[in-house]
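This briefing is meant to be read beside the sequence and the structure.

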Amino acid sequence: MRDIRRWVTPMRGREADEENRAATPLELFFDLVIVVAIAAAASSLHHGIAEDHILESILGYVMTFFAIWWAWMSFTWHAAGYDNDDVPYRVAVFVQMAGAIIIAAGISRAFDDGDWSLVLLGYIVMRLALIAQWLRAARDDPSHRSTNLTWAIGTAVMQVLWILAFLWIPGELFVVAFFVLLLGELSVPIVATRRQPARWHSEHIAERYGLLTIIVLGESVLAGAIAFTSVADDAFSDLELLFLAVGALLLVFTMWWLYFERHTDDLLTTRGRAFEWGYGHYFIWAAAAAVGAGIAVGVDVLTDHADVDMTVAGAAVAVPVAIFLAGIWVLHDVPRPMPGWRMALSPIAIFLVLLTPLTPQPILLTGVVVVGLLAAKIATQSQAEAA
């Protein structure tokens with residue numbers, strides 16, 4: 001019995017004011033697995049748009065990205081409060097990772113054939129492991145037992161509803177059921193923490209979100225590298241490809257800078273802000289990964305491997321960039337007091353970005369607009385500090 005206790009630690013919860021709380025190697029490993037699923041979703045979006053299956057691909061991307069994002073969210077917020085790193089905890093996280101891999105394996109089938117069985121299986125595997133984690137936390141942390149039990153029961157009920165919807169609802173109505181169940185999933189944390197806040201660490205959460213933002217931007221880095229490879233293969237003689245590659249690098253560098261312009265853990269001060277922060281990042285991350293898909297579509301257009309034109313490719317970049325900028329504006333800028341003219345910078349940039357698909361070099365000009373937004377924000381911030 002004594003040997004067993006060496007490997008099992010009570011899940012009593014971590015303190016919200018714990019100093020030097022950093023991401024653990026297990027959390028980083030989990031992120032690595034999640035990025036495989038994100039890459040699969042972005043790749044399917046890229047090929048769907050390039051083959052002129054635009055609406056179907058966007059819908060499939062929105063749905064699959066929700067499954068990936070919500071699984072990551074659930075793991076991260078639980079870990080923020082109850083990461084005791086014992087053997088059962090690690091095994092449960094490994095099961096969640098296996099679920100993410102199953103999701104990644106099923107994404108192409110969901111996009112191409114409308115077969116969501118593997119995605120649903122992977123999602124349920126991840127959620128069952130999470131339910132076990134919440135039940136452990138409810139048993140070992142009496143002060144938060146009600147909150148943790150509600151979270152576990154709510155998650156279990158939603159998994160039953162997902163299975164019933166998949167088995168009984170006809171394919172043409174499954175999309176409607178999906179978005180209804182999506183709202184149900186989003187409501188579980190709200191109900192669970194209605195009377196008592198969950199355990200979480202603001203600096204740790206901000207760091208975890210920042211790390212995943214970097215990982216998601218990697219999709220655009222990869223697309224930019226593909227663009228430069230195409231330029232090099234063409235001996236730098238194709239100026240359109242070169243302009244696209246330059247625009248891709250401008251975008252990814254500037255998007256990173258805009259996200260990390262200032263520390264953000266001060267924004268995670270209340271329960272309401274935490275939900276706004278957590279849920280709002282769906283749009284930031286889905287958009288950031290979609291930018292890479294759009295850049296890849298642009299490369300396909302210029303190398304004659306797409307069934308769409310550069311206007312569509314430009315829109316495939318401009319729209320997610322606009323969503324990304326809007327997400328940062330809502331989550332980072334609006335909560336902070338600042339002059340009205342500075343608050344208007346992002347909306348103006350979003351408007352200009354959405355006009356770029358009408359130009360001959362949409363991806364390059366989108367990059368230029370975003371760089372202009374960053375320069376304006378830096379200049380106005382310097383003026384405000386000097387005043």
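Leaving aside its neighbours within four places in sequence, which residues is aspartate 141 in contact with? In this predicted model, aspartate 141 is in contact with Met11, Arg12, Tyr82, Asn148 and Arg199 once those neighbours are set aside. Aspartate 141 is found in the loop between helix H5 (117-140) and helix H6 (145-168), and it is buried, with a relative accessible area of 3%.

**Confidence**

- The protein chain has an average pLDDT of 88, and 92% of the residues score at least 70.
- Among the elements of the chain, helix H1 (residues 2-7) has the lowest mean pLDDT, at 56, whereas helix H13 (residues 345-355) has the highest, at 96.
- Where pLDDT is low, the predicted coordinates should not be read in detail.

- Helix H3 is mostly covered, since 23 of its 29 residues are buried.
- Helix H6, with 24 residues, reaches 34 Å from its first C-alpha to its last, which is close to the 34 Å expected at 1.5 Å a residue.
- The buried residues of H6 include Asn148, which is also one of the contacts of aspartate 141, as well as Trp151, Met158 and Trp162.
- What covers the buried residues of H6 includes H3, H5 and H7.

- The model contains 4 cavities of 30 Å³ or more, and about 140 Å³ of space lies in the largest cavity.
- H3, H5, H6 and helix H7 (171-192) each supply at least two residues of the lining of the largest cavity, and H3 gives the most to it, with 4 residues.
- The residues that line the largest cavity include Met63, Phe66, Trp116, Tyr123, Trp162, Phe166 and Phe178; of these, Trp162 is also listed among the buried residues of H6.
- By class, the lining of the largest cavity has 11 nonpolar residues, 1 polar residue and no charged residues.

**Backbone at two aspartates**

- Most residues other than glycine have a negative phi, and most peptide bonds are trans.
- Aspartate 85, although it is not a glycine, has a positive phi of about 55 degrees; this residue is found in the loop between H3 and helix H4 (87-113) and, at 36% relative accessibility, counts as partly exposed.
- Aspartate 304, likewise not a glycine, has a positive phi of about 60 degrees; it is found in the loop between helix H10 (271-302) and helix H11 (310-333).
- Is aspartate 304 buried or exposed? With a relative accessible area of 71%, aspartate 304 is exposed, because the cut-off for that class is over 50%.

- Alanine 289 is found in helix H10 and, at 0% relative accessibility, counts as buried.
- Not counting residues up to four places away in sequence, alanine 289 touches Ile38, Ala42, Tyr61, Phe65, Val216 and Glu219.
- Alanine 289 and alanine 39 are 250 residues apart in sequence, yet their C-alpha atoms are 7.8 Å apart in space.

Notes
Residues numbered from 1 in each chain as written. Predicted model: local features only at pLDDT ≥ 70, side-chain atom pairs only at ≥ 80, totals over all residues. Heavy atoms only, no water. pLDDT = per-residue confidence, 0-100. Buried < 20%, exposed > 50% of the residue type's maximum accessible area, 1.4 Å probe, protein only. Contact = heavy atoms within 4.5 Å. 1 Å grid on protein atoms, 1.4 Å probe; cavity = no way out; pocket = protein on both sides within 12 Å on 5 of 7 lines; lining within 4 Å. Points joined across faces, edges and corners; volume = space filled by probe spheres on them. Nonpolar A, V, L, I, M, F, W, Y, C, P; charged D, E, K, R; others polar. Expected span 1.5 Å × (residues − 1).
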